[in-house]
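Please look at the sequence and the model together before reading on.

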Amino acid sequence: QVFSPALQSLLQAYAKFSGAPLTVNTINNLWRAPKGDLPVLVSQDIVISQPAKILNFLRRQKYNADYDLSAKQGADTLAYIALLEEKLLPALLHTFWIEAENYCSVTKPWFASRIAFPLSLYLPGKMSREALNRILLTKGGPPLYTLTEVEAQIYRDAKECLNLLSKRLGTSQFFFGDTPTTLDAFVFGFLAPIYKVCFPRVQLQEHLKQLPNLCRFCDDILTCYFRLTVSDGRQPS
Amino acid sequence: AEPWPENAALYQQLKEEQILLSDNASSLAVQAFLQMCNLPIRVICRANAEYMSPSGKVPFIHVGNQVVSELGPIVQFVKAKGHSLSDGLDEVQKAEMKAYMELVNNMLLTAELYLQWCDDVTVEEITYPRYGSPYPWPLNRILSYQKQWEVRRKMKAIGWAGKTLEQVLEDVDQCCHALSQRLGTQPYFFNKQPTELDALVFGHLFTILTTQLITDELSEKVKNYSNLTAFCRRIEQQYFEGHEKD
């Protein structure tokens with residue numbers, strides 16, 4: 001809910017992998033979005049928010065990217081998603097919403113340009129505060145007492161997480177062989193914004209660029225499934 | 001390897017009256033891990049264990065002149081002293097192990113916290129009486145309310161506040177299903193030798209199976225998976241029988 005760009009990439013990637021026909025509508029009027037939560041899937045009369053539920057819905061409609069996975073691989077998927085949420089997401093939130101230079105020069109203007117006035121004045125600030133709140137509540141606390149210490153810890157965790165993902169991916173094209181699955185969608189959803197968005201403060205991006213197999217993974221998906229050239233400065237949405 | 005002192009101690013809250021499900025699970029996980037490493041440790045119960053801990057969380061261990069809390073840092077600490085359970089794993093397996101440990105923390109631990117602090121019936125009948133039990137009124141109530149407020153704030157931040165109990169139990173089921181699939185017919189998660197992941201899973205599952213709550217719904221979710229209950233029994237027999245059973 002807090003981090004739309006990653007979730008949008010994730011969902012679009014999953015939709016492409018499973019062949020689900022998905023039209024992306026930019027919602028200009030967030031007042032009408034149910035509970036202000038994006039992204040939202042609207043199918044006939046059903047409205048679903050939150051990515052996990054949306055993925056379940058797509059699966060029940062038989063758009064399943066995980067059809068060929070074994071039970072163990074399905075379990076691995078769940079475990080790696082937990083790893084991403086615990087170790088990578090805080091740093092991602094920080095890079096987009098809390099790091100002052102990034103937030104002011106990239107995130108806020110981009111976000112505000114896509115939603116209507118006067119919501120554009122209020123919503124980015126709210127999302128930034130929620131992100132900070134989330135990080136401090138889940139990662140702050142003794143023995144980390146200042147925001148700087150918390151920041152140092154979450155970036156350490158994120159870099160370790162990227163290293164682990166790189167080791168797990170190895171030389172394969174996707175995480176479970178030759179066809180992409182839910183896990184690939186999740187990883188892509190988290191990595192693509194880090195990889196592609198041009199921020200002034202880029203420590204996470206620099207670390208990611210030292211892991212060539214992860215960069216190759218993102219580029220492959222972008223070119224094969226999104227038909228984008230690698231030089232695009234903003235991620236697709 | 002550095003010598004492990006004789007008087008190494010693990011601190012947790014009072015076992016019979018005070019400790020809650022989630023803390024008991026975390027403590028048992030650390031005890032199992034240390035048993036697996038063959039490092040003897042005494043369990044000391046103190047009402048103010050939470051406040052003594054350097055991170056505010058239990059359990060914590062006091063070894064020599066150092067105090068370390070929570071399984072993650074304790075594993076690192078023990079490794080620095082020359083003992084490790086996961087040295088034999090390759091890089092990909094280590095990544096997998098870390099991922100599964102996050103899964104347990106993300107789903108099982110959070111579900112336990114939810115049940116203890118956000119489910120009104122459990123809170124009234126179990127948590128409030130237990131949490132502040134060593135202290136006189138009104139301190140016992142104040143401490144309970146304060147802790148509940150803290151936990152609820154965190155639940156809200158990670159999006160669990162809006163969940164119903166059924167949804168939480170479903171998440172537990174999903175997690176157990178994943179663990180059961182991953183374990184398969186092996187004795188431990190990485191076949192022949194236990195690792196910190198086995199200790200963590202044992203800590204949580206055994207505690208869920210043996211703690212009496214308002215209903216049996218939580219333990220039933222675990223009981224659905226026979227290889228998980230067999231796993232718990234195996235570790236209990238191998239590492240805890242003959243010692244002070246926790």
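Over residues 158-221 of chain A the chain is 69% helix and 0% strand, and the end C-alpha atoms lie 22 Å apart; helices here are DSSP runs of H or I with at least four residues, strands are runs of E with at least two, and both are numbered from the N terminus. An unreviewed UniProt entry lists residues 158-221 of chain A as "domain: Metaxin glutathione S-transferase", with positions given in the numbering used here, feature names shortened, and annotations that may be inferred rather than shown by experiment. This is a predicted model, in which local features need pLDDT of at least 70 and side-chain atom pairs count only at pLDDT 80 or more, while totals for chains, interfaces and linings use all residues. Residues are numbered from 1 along each chain as its sequence is written, chains are lettered from A and ligands numbered from 1 in the order in which they are written, and side-chain values use heavy atoms, with hydrogens and water left out.

Residues up to four places away in sequence aside, A:Phe217 touches several residues, including A:Leu169, A:Phe174, A:Val187 and A:Leu191, where contact means heavy atoms within 4.5 Å.

In chain B, strand β3 (residues 60-63) pairs in the antiparallel sense with strand β1 (residues 9-12) over 3 bridges, and 4 bridges join β3(B) to strand β4 (residues 66-69), again antiparallel; pairing requires that DSSP finds at least two bridges between two strands. B:Phe60 in β3(B) is the bridge partner of B:Tyr11, and B:Ser69 in β4(B) is the bridge partner of B:Phe60. Between β3(B) and β4(B), which form a hairpin, there are 2 residues, and B:Gly64 in the turn has a positive phi of about 65°.

Finally, B:Arg234 is found in helix α10 (residues 226-239) of chain B. B:Arg234 counts as partly exposed because its relative accessibility is 28%, given that buried means under 20% relative accessible area, exposed over 50%, and partly exposed in between (1.4 Å probe, protein chains only). The side chain of B:Arg234 reaches the backbone oxygen of B:Pro187 at 2.4 Å.

Key
A polar contact is a pair of N or O atoms within 3.5 Å; within protein, one must be able to donate a hydrogen and the other to accept it, and residues adjacent in sequence count only if both atoms are side-chain atoms.
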